[in-house]
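My entries follow in the order I made them.

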Amino acid sequence: MAEQLLEVKDLYVNYKVYEGLLKVLSGVSLSVGLKEKVGIIGESGCGKTTTMKAIMRILAGNGIVAGGTISYKGNDLLRLRGQELTRLRRTNMSMIFQDPTAALNPVFKVGEQLEDIVRYSEFTGNPTGQEVKRKAVELLKSAALPEPERILDSYPFQLSGGMRQRVCIAMSLASARELLIADEPGTSLDVTIEDQIMRLLKQIVEERGLSVILISHSVGAVKGFVTKLYVMYAGTMVEEAPTEELFSNPLHPYTQSLLKAVPKLTGGGVPEGIAGRIPSYLTITSACRYVSRCPFAKEHCNTNAPPGFDLGNGHKVACFLYGAS
Amino acid sequence: MKRTTSRRFPDYRKSWYKFSKNYLSVTGLTVVILVAALAVFAPYVAPYPGHAEFYVNYQEAVQSPSWAHVFGTDQFGRDVLSRIIFGFRYSLMMAVVVLSLVVLPGVVLGLVAGYYRGGKVDMVVMRTADIFLAVPPLVLALSICSVLTPSVFNAMMAVSLMWWPWYTRLVYSISSSLRNEAFVQAAEIAGASPFHIAFREILPNCLGPILTKMTLDAGWVILIGASLSFVGLGAQPPTPDLGTMVSDGAKLLPEQWWVSMFPALAIVLVILGFNLLGDGVRDMFAAEAV
Amino acid sequence: MRMSTFILKRLSYTVFVLFGLSVLIFVIARVLPGDPARLALGPRAADWAVENLRQQLHLNEPLYIQYFYWLRDALSGSLGQSLVTRRDVMVDVKDFLPATLELIVVAALLDVALAIPIGMLAGRRANSWFDNIVRVLSYVGVAVPAFVVAIVFLLVFGFMLNIAPSIGRISPSIMAPPTVTGFLTIDSLLSGNIPAFFDAFAHLILPALALALGCIAQEARITRSSVVENLNKDYILSSVSHGVPERLLTLKYLLRPSLIPTVSVMGLDIASLIANAFLVELIFNWPGISRYGITAMLRKDLNAIVAVVMIAGIIFAIANIVVDLIVAYLDPRIRMVEKAA
C-alpha cells in the first residue's frame, strides 16, 4: 500500500458538558492516500464533523482527544505545535465548512478576509497590497465567481448562498495544496446550486491533484465523486469499501438500511426509514452502538463493540455478523 | 422559516429541574427568600424591634459590633442589625409596590402598540414611552421626588410613574416581531379576535423576558429607592431605610464604619440576590429554546 | 442609507423627544403641589409681594401659556432664576456643566479602556483563575450601588491610603489654567501647564473610577461572554484552520464581532453614568451640574431642576446617537439593512 497522506487510527474524542462527558468518537479510523478521494456518509450527529475538526485541530474548547493518533505524512498531527502547525494549516490542508454563512465573518468584507488568508498562505515574504489582491481575484475566478472585484468589496450577507460557498472554496484553495476536506458542501443550498458546487469541486480537485475527504449525508452526491467510502454511525466507523463495492455489496445492517432508504427514480415504492434514533453520547456503553436499531442484534452485541473485520479487497465491516468477538 | 406553532407556557417541573442545577441561581433564590422572610417576620426576628422607629439612648450610642449588638449601634444607640432587618421591609415593599403598579399597564400597552404596529396607537404609546425614557431613570425619579414631599410613599409613586415604559418597550419589540409570524397570521385567518391573539398567542411568548426583567428590576428598584433615600428625597428619619442609614452613617466614617457599612452590605446583598435569581430565571426560559 | 441621513433623522427625532421631555418635566414641576412664588420668597414675605412675583412668573395663567413663556425664554438663553444662587440658571449651567462633563468623559474613557481588554482576556482564557476572578468581581461590581462605591473609595483611597486627592478639582497650590473649554485637563494642556494637567487628572481619578466601576463590571462581563461564544463560531474556527496569525485573529476578527453587544449596552450604561454622577458628585463634593442639581432638588429650586433634567436628557440623547453610530460602524448589517428598508 502506498504511503498514506493522512492516517487516523483509533480516534476517541469526548466533549465535556455541564451534564457530564459526551463520548462522541469511539475508535474512528480512516486513511487518505495521495490524490485519493474519500467519502464519509452518515446521518446528522454521527460525528463526521467532529472527526474533521479533530484532524484540523480546531475542536471546540470543550473537546478533548481522549485516545488514538492522527498522522500526516508520517508525522503525528496531534503533537504538532506553533510554527509547524501554522505552516501546515497555511499550505497543506484546509476545510470547507458546512454552512458558508456561518463560516464567513459577518462584519468584515469578503475581500479583507480572503486577502488576510492569501497574504500568509500564498506568499512567504512581505507581499504588496496589489499582489495580494491580484491573487485573491485569481482564486475567486478559480471558484467560478463572476465579477471578482465586486465580490471582494462585498459583505457576506450581500452575497447569495451559492456565492458564499464559492468564496469559502476560494479560501480553501489558498491554503490547501495537498488535502481538502469538504464538509457537506451543498447541504445548506438549493439542489441545483449544490450540483454546481459539486461539479466545481470535482474540477478543482482534478486540476490540482488534491486528496479529498468529502462528507455528505446525501448518498447520491458521493457516488460520482469518491473512490473509497466510509460509513459512520454514532461516532464509529461501521463500514469501509471502494465505492462500487459498497453500493453493490453493502454488508453492515446500517449501510443496508441506509441504502434502502434512498428513494429511486426508477420506482420501487416509498422507501423505508430506519426506526429509532442515535443513542445518547452521555450514556454510551461499550456495546455496539447500533444495537438498538439492528434487526440482527444478538446477545454479545450488547456487551462488546465489534472491531473492524477486514474481508479483503479493501472492504472492512464492524459487525459481529462477519467475524467472531 | 416562519414559526407555525407558538411556544405555550413552559413545563414547570422541567424548568425547575434545570433551574435547581445552577448553583448561582439557587443561591440567588435563597438570598431573596431569606431577605423576604426577615422582612415579613421582622418584629419577631430582630433582636431589638423597638429600635426600628424612634428610639434614643445615648449611653449605647456608636458601640462597635459586639455580642449584644452584632452589627453595632448607631449614633442614637439603635441596634444596626435590627434596623437593617426592618429596612428590608421598606426595600421589598418598594419593589413589590412598584412592580405591581407598573407591570400590568406597561405590558398591556406594549401588546396593544405591538399588535397595531405602524398605526396611531403605536405612535402615541411608543413616543410617550420614549419621552419618559429620554433621561436616565434615577434622574427622573430624583426630579419627581424633589417636587413632592419626601416620603417613602411618594418615592414609590415617583418610581412607579416612570418605570412603566421599560415593560412597554420590551413587550412591544417582542410583540411586533411576532406579529408577522405564521402562527399569528393563522390565528387571524381562523377569525380570532385581536384580544385572543394578543393574550393567548403573543403574550405567552413574552413571559420569559417579562419575568426575567421583573426579577432583575426588583433589585434595581430597590437600588433607586436606596439612592433616593440616600440623597434625602425618599424615606425620612426615623424610618429605617437602608439608604438613609448609609447616608446618616457616612458622617461617622471612618472610625465608626459599621454604622454605614453594614447597611451598604445589606443593599449589595439584596441586589446581588435578585441579580443571580434573575439570571437563573432567564436561563430557565432560554433553555426552552433548544 | 447614508450616514448623514441617519444622523439627521436621529437628531430630528431627538429634538422631538427632548421637546416632549421638556413638556413632561415642566408639567411635573408646575402641577405638583407647592407655590413656586411662595417658595422663592420664603414664608415670611408679604402676600402682595408673593402675588407680584406670581404675576411676573405668569403663574396665574393657563399651563400652556406658562410653557410658552418658559420655552421662549429658554430659546433666547435664559432659564429662569435660581432660588438658591439668585442667578440665571443658564449662568449656573455654564459654570458647573464642564466639571460634570469632564468627569463623565473620563469615566467613560476609563470604562472602555478597562472593560474591553479585561473582558477579552477573560474570554480568551475562559475558566482560568483570571477568568474566574473577573466573573466573580463583575457580578459583585454590578450589584454595588454607586454611592457605596464612592464612599468606600473616598474612605480607602482618599483618606486611609491617601493615594489620590479627594477634595475639589485641583489643588489650591497649583495655578489653574485659563478657561477655554472648562475641562481642566484640556485647558491645562492647551496652555502648556503640565503640572496642572497631572494635578487635575489626579483629582479626577477617584470620582471617575467610582462612577465607572459599575459599568466596567457590566461591560467586562458582556465582552467576556461574547468572546467565549464567538470563539466557537465557525468563522473563527475557519480563520484558525487557514493559519491566520493569532494576533490578527484576536485583535481584528474576534474583537469586532465581540464588541457589538458591549457597545450596544454602553448606551444604557451612559445613562447610569449620568445618573450616578448625581450621587458621586455629592459625595466627593465635586463642583458639577449634578451636585448643583441635587441641591436644587432638595431646595425645590424649580427652574434649576427643569434645567438639570433637560441637560441630562440632552447628554443622554447625544451619547445614544454616538453609540448607535459606533455600532453601525462595527456591524455593517445594520447600516445595510436600513438601506433596504
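**Entry 1: where chain C meets chain A.** I started by looking at who takes part in this contact, keeping in mind that this is a predicted model. Chain C puts in 22 residues and chain A puts in 26 residues. On the chain C side I found three helices that each supply at least two residues: α10 (234-241), α11 (246-284) and α14 (332-340). I noted α10(C) as the one with the largest share, 6 residues. Then I sorted this side of chain C by residue type and got 12 nonpolar, 5 polar and 5 charged.

**Entry 2: chain A as a whole.** Next I turned to the overall form of chain A. Its C-alpha trace spans about 65 × 50 × 45 Å along the principal axes. I checked the radius of gyration too: chain A has 21 Å, which agrees with the value near 20 Å for a compact globule, because that is what 325 residues would give. I counted 11 helices and 12 strands in its secondary structure. Buried residues account for 44% of the 325 residues in chain A. For contacts between residues at least 6 apart in sequence, I found that 64% join residues at least 24 apart.

**Entry 3: the domains of chain A.** How is chain A divided? I have domain 1 as 4-92 + 181-193 + 210-322, and domain 2 as 100-175. Their centres, taken over C-alpha atoms, are 30 Å apart. The contact between them draws 7 residues from domain 1 of chain A and 6 residues from domain 2 of chain A. On the domain 1 side, helix α2 (residues 82-92) of chain A gives the most, with 3 residues. That side of domain 1 splits into 3 nonpolar, 2 polar and 2 charged residues.

Entry 4: I kept a general point at hand here: in soluble globular proteins, nonpolar side chains tend to be buried together. The largest nonpolar core I looked up has 174 residues, and A141(B), A150(C) and I274(C) have the most contacts inside it. Helix α4 (residues 80-115) of chain B gives the most to this core, with 19 residues. Apart from this core lies another of 101 residues, including V38(A), L88(A), L173(A) and A234(A).

**Entry 5: a look at A141(B).** Which residues does A141(B) contact, leaving aside its neighbours within four places in sequence? My list reads A158(B), V159(B), M162(B), I224(B) and L228(B).

Notes:
Residues are numbered from 1 along each chain as its sequence is written. Chains are lettered from A and ligands numbered from 1 in the order in which they are written. This is a predicted model: local features need pLDDT of at least 70, side-chain atom pairs count only at pLDDT 80 or more; totals for chains, interfaces and linings use all residues. Domain bounds come from an automatic or database domain assignment. Two residues are in contact if their C-beta atoms, placed from the backbone, lie within 7 Å. Helices (H or I, at least four residues) and strands (E, at least two) are DSSP runs, numbered from the N terminus. Ala, Val, Leu, Ile, Met, Phe, Trp, Tyr, Cys and Pro count as nonpolar, Asp, Glu, Lys and Arg as charged, and the others, Gly among them, as polar. A nonpolar core is a set of buried Ala, Val, Leu, Ile, Met, Phe, Trp, Tyr and Cys residues joined through C-beta atoms within 7 Å. A residue is buried if 20 or more other C-beta atoms lie within 10 Å of its own, exposed if 12 or fewer, and partly exposed in between; C-beta atoms are placed from the backbone. The radius of gyration is taken over C-alpha atoms; the globule rule is 2.2 Å times the number of residues to the power 0.38.
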